[in-house]
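Hi,

Here is the structure I promised to pass on.

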Amino acid sequence: MIARIAVAGLCAIAVQFRMPDANPPLLMIGSDIFLPFSWYALVGLLFGGWPLFVEAWESIRRRQMTMELSMVIAILAATYTGYFFVALVITFFVLIAEVLEGMTVERGRRAIHNLLELLPREVSVRRSGAVSTIASADLVVGDTVLVEPGALVAVDGTVVSGNSFVDETRITGESMPVEKLAGTRVYAGSINQSGALEIRSERIGRDTSYGRIIAAIEQAERSRAPVQRYADKLAAYIVYVALFFAVIEYFISGGNVSSTIAVIIVAGACGVAAGTPLAILGAIGRSARLGAIVKGGIHLETLSKVDTIVLDKTGTLTFGKPDVVAIEPADGITESQLLSVAATAEIRSEHPLGKAIMARAAEKGIAIAEPDQFSYVPGMGISASGKDGAILVGNPAWMDHNGVPLPGDAADRDDAITWVHVALDGRALGAIGIADRERPEAHRAMAAFKKMGIRTILLTGDSASVAKAVGTRLGIDDIRPQLLPEHKLAHIRELVGGKSTVAMVGDGVNDTLALAAADVGVAMGSGTEVARESADIVLLGNDLERFAQTVAIARRARGIIYFNFAGTVLIDILGIAAVMLGYVGPVAAVMIHVGSELAFILNSARLLSFSKTEKALDFDMAHLPASGTRLVLGTQDTGEATRTAAE
C-alpha cells in the first residue's frame with residue numbers, strides 16, 4: 001500500500017509541474033472522440049488507485065452506495081474532464097486515510113488478540129520417561145507438562161508432583177498466590193512463582209479456561225451493535241445527498257465540472273462508517289483488560305443506556321460466606337479466651353457459622369482442644385464438655401433453654417449480624433458476631449453509580465433487617481427483601497416494562513431467570529456456571545467497581561459515536577455549502593474530506609488508550625480482589641473452589 005501511495009503522489013507532482021508526458025496529450029477514439037490523456041495519470045490511477053476501484057466494484061455488486069464508490073465516481077469524473085492532478089490527489093489522500101484507518105483498527109484488534117499470546121508457545125513435556133521441548137500446538141490431553149518457576153502455565157490440569165505458589169489473577173481474580181500441591185488444579189494463563197510443577201494436561205489451547213475467555217472476547221469483536229447499522233445507513237445517506245447536491249451544482253454553475261467534483265469529494269462518511277466499529281472494538285477490548293467480558297457489541301450499546309442497576313446481595317455485594325465480624329467478650333474475658341471455648345465446641349460441627357469461628361481461631365493461632373462430649377440441637381446450638389467445664393454455644397433461645405442469663409444489651413445488637421452466644425458452666429462468656437462480609441469495592445461501585453445518575457435496587461431473599469442494614473450502608477436507593485427467584489423475575493419484568501433500561505447483577509442459580517429477563521445480565525465470575533452462561537457480561541474478578549468502570553466506558557463509547565455522527569453531518573453541510581459558494585475547490589475539498597475522516601477515526605481511537613488510573617487497574621497487570629474461584633465459560637467443570645489465605 002505504501003508503494004501505491006508513493007506512485008500516486010509522485011504522479012500527481014509530475015502532472016502539476018508539467019513534466020514530459022504524452023505527445024499529443026489527447027487520446028483519439030475513432031475520428032470524432034478526443035479525450036485528455038496522461039501517462040502519469042494512467043500509471044498513478046491504475047496502480048495507485050487499484051484498491052479503490054476494487055472496493056467500488058464490490059459496492060456495485062452489492063448494490064450498496066459507499067464512500068469508496070463516491071470517491072471513484074469523483075476520480076473518474078476528474079479524469080474524464082482532464083483534471084488529472086485532482087484525480088491523483090484524491091487517490092493519494094484517500095489511500096493515506098485508508099492506511100491510517102487500517103492501522104488504528106488493527107491496533108484495537110491486536111490489543112485483544114495479544115491476550116492469547118500470553119500463553120507460552122513452547123512447553124516441556126515428559127513422555128515415556130524423557131523430557132523434551134515441543135510446540136504448544138503439539139500438546140495432547142494427558143501429556144505431563146513441566147512448569148519451571150516464573151513460567152506461564154500452558155494447560156488446564158492437575159498437579160502430579162511438585163509444590164509451588166501460582167498467580168491466578170488472570171483467571172480467577174485471586175489477588176494472593178495460591179499454593180499448589182499434588183492433586184490440586186491449575187489453569188492456563190496463570191504464573192508459576194516458586195517451585196517446579198508437573199501437570200497432567202486436561203484441557204489445551206482454546207479449550208482451557210483462558211482460551212474460552214479469549215473466545216468470548218473474539219466473538220464479541222465479530223458481533224455488530226445496532227448503532228453500527230445506523231452508522232452504515234448514515235454513511236450511505238451522506239453519499240446520496242452529496243451526489244444530489246453535485247447534480248444541483250452542475251446545473252447551477254452552468255456545467256462547472258470542477259465544483260461538481262468538489263461537492264462529491266467534500267462530503268465524508270468514513271469517519272462514521274469506520275469510527276463506529278472502532279469505538280465499539282476499543283470499548284470491548286478496554287473492558288476485557290479491566291476484567292469485564294462483554295459478549296457482544298449489542299450488550300455494550302445497551303449497557304451505555306442503562307439507568308437502573310439491580311443487584312443480588314449474597315456473592316454480589318458480599319463475599320457469600322460467613323465471617324466473624326465482631327467479638328464481644330464479657331467483663332474479665334479476653335477475645336482469645338472466648339474464641340478458644342467456642343472453637344472447642346465447634347470443632348466437630350459442620351455448621352457454616354461454626355466453620356467461621358474455627359477459621360478465626362486458627363487465624364489468631366489459638367490452640368483448639370478436643371471436647372470430651374458433643375451434641376447438637378438443630379436450630380438451637382451445641383452442648384459440649386471440655387477440660388474447662390460444660391460449654392454451650394448457640395442462639396439466645398438456647399441460652400434461655402439452659403438457664404444462662406444474657407446481658408441486658410443483647411437484644412439491642414445489630415440485626416444484620418448473627419450473634420453466637422458462648423457460655424461456660426452456666427456463665428455467659430460473651431457473643432461472636434458473624435455475617436456475610438460486604439465486598440470493599442461495593443461501596444465505591446455504588447458511589448460511582450450514584451454519580452452517573454443510575455438508580456440502584458437490591459433484590460434479595462434475605463430478611464428485611466439484613467437487607468436494610470447492607471443496603472443502607474452501601475447507599476442503595478431501593479431495598480426489596482425476602483424474594484424468591486420468581487419474585488425477582490417479576491420485579492425485573494416490572495422495571496423493564498416501565499421503560500427503564502435495566503442491568504441485573506447476580507451470581508447464583510436463583511438469579512438466572514432475572515439475568516435473562518434484564519436488558520443486560522451481569523454475572524460474577526465466582527458465580528455458578530448457569531449464571532455465567534445466562535449473562536451478557538461476566539466479571540472475572542467479581543469486582544463491582546470494575547463493572548462501574550465498564551458502564552462508564554460504554555457511555556463514553558456512545559458519546560464518541562454520537563459526536564462523530566453530529567460532527568460528520570455538520571462538516572459535510574458546511575463543506576458542501578462552501579463549495580457551492582465558490583470558496584472551496586477540488587484540492588481543498590480533498591483536504592477537508594480526509595482531515596475530517598481522520599479526526600473522527602482518531603476520536604474513536606481514544607478508547608484504545610488507557611488513562612493512568614485504568615493502567616493501574618489493568619486486568620493483565622494488576623491484582624484483582626480475591627474471589628477464590630475460577631471462571632469457566634461454556635464448560636461442565638464443577639471443580640471445587642480454592643480456599644486461599646486472602647479469604
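Is Glu202 buried, partly exposed or exposed? Glu202 comes out as partly exposed, with a relative accessible area of 29%. Keep in mind that this is a predicted model.

The side chain of Glu202 makes a salt bridge with Arg185, at 2.6 Å from N to O. Glu202 sits in strand E11 (residues 197-203) and Arg185 in strand E9, so the bridge ties together parts 17 residues apart in sequence. Both strands belong to an open, antiparallel sheet of 6 strands, ordered E4-E3-E5-E11-E6-E9. E4 (130-135) and E9 (185-186) are the edge strands, each pairing on one side only. E9 is joined to E6 (residues 156-162) by 2 bridges, and Arg185 stands opposite Thr158.

There are 16 salt bridges in total. Another one is Asp312 with Lys488, where the closest N and O atoms are 3.1 Å apart. This pair links distant parts of the chain, 176 residues apart: the loop between E13 and E14 holds Asp312, and helix H18 holds Lys488. Both residues are buried.

Lys313, in that loop too, meets Asp436 of strand E19 in a salt bridge of 4.0 Å, N to O. Lys313 counts as buried at 3% relative accessibility.

On the helices, the axes of H9 (residues 257-266) and H21 (residues 544-580) come within 9 Å and cross at roughly 170°, which means H9 is roughly antiparallel to H21. Their contact has 6 nonpolar, 2 polar and 1 charged residues, including Val263 in H9 and Ile576 in H21.

Cheers

Technical notes
Residues numbered from 1 in each chain as written. Predicted model: local features only at pLDDT ≥ 70, side-chain atom pairs only at ≥ 80, totals over all residues. Heavy atoms only, no water. Axes fitted to C-alpha atoms, helices over the stretch in contact; angles between N-to-C directions. Helix = DSSP H or I, 4+ residues; strand = E, 2+ residues; numbered from the N terminus. Parallel < 35°, antiparallel > 145°, perpendicular 65-115°, else oblique. Contact = heavy atoms within 4.5 Å. Nonpolar A, V, L, I, M, F, W, Y, C, P; charged D, E, K, R; others polar. Pairing = 2+ DSSP bridges. Buried < 20%, exposed > 50% of the residue type's maximum accessible area, 1.4 Å probe, protein only.
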